[in-house]
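Please look over the chain displayed below before reading on. The report covers its fold, its overall dimensions, its surface and one of its helices.

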Amino acid sequence: MFGNICKGLVYCFSNNKNSYLKIGMTTRKLKVRLNEANNNTWSIDDGLVFKCEFAKHTHNCKDSEKQIHNNLREHRVHPKKEFFNNLTLDRVKEEFAKIE
């Protein structure tokens, strides 16, 4: 199953408009992913600006992201989106601490 291992990082972005946290993964440089999030043409809110609260390198970023999303599922805004609400950053950090 080594073909499914995906080295990269998981991240937590906050924004300037609401309390939603975006928890995702990338195999690219974090700055590239952050710039992409801030330049999204699909966003319905042109004034939305994301910042990275924290990120963690992991040996399998896809599985790590899935684990965090599953553990925080009751806070997920939509099942197909990476946005979470009613969470403190400390609570998210607890989940990040559980991944390798």
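The notes below begin with the basis of the model and then turn to the chain.

## Basis

This is a predicted model, in which local features need pLDDT of at least 70, side-chain atom pairs count only at pLDDT 80 or more, and totals for chains, interfaces and linings use all residues. Residues are numbered from 1 along each chain as its sequence is written, and side-chain values use heavy atoms, with hydrogens and water left out.

## Fold and dimensions

The chain holds four strands and three helices, in the order β-β-α-β-α-β-α along the sequence. Helices (H or I, at least four residues) and strands (E, at least two) are DSSP runs, numbered from the N terminus.

The radius of gyration, taken over C-alpha atoms, is 13 Å, which agrees with the value near 13 Å for a compact globule of 100 residues. That rule is 2.2 Å times the number of residues to the power 0.38. Along the principal axes, the C-alpha atoms fill a box of roughly 40 × 25 × 20 Å.

## Burial and contacts

Of the 100 residues, 39% are buried, meaning under 20% relative accessible area (1.4 Å probe, protein chains only). Contact means heavy atoms within 4.5 Å. Among contacts between residues at least 6 apart in sequence, 64% join residues at least 24 apart.

## Helix H2

Helix H2 spans residues 61–71, and its buried residues are Cys61, Ser64, Glu65, Ile68 and His69. They lie on the same side of H2 because they cover an arc of only 130 degrees around the axis, judged by the directions from the helix axis to the C-beta atoms. Their cover includes strands E1 (8–15), E2 (21–26), E3 (50–58) and E4 (83–84), together with helix H3 (89–97).

Definitions and conventions
Buried means under 20% relative accessible area, exposed over 50%, partly exposed in between (1.4 Å probe, protein chains only).
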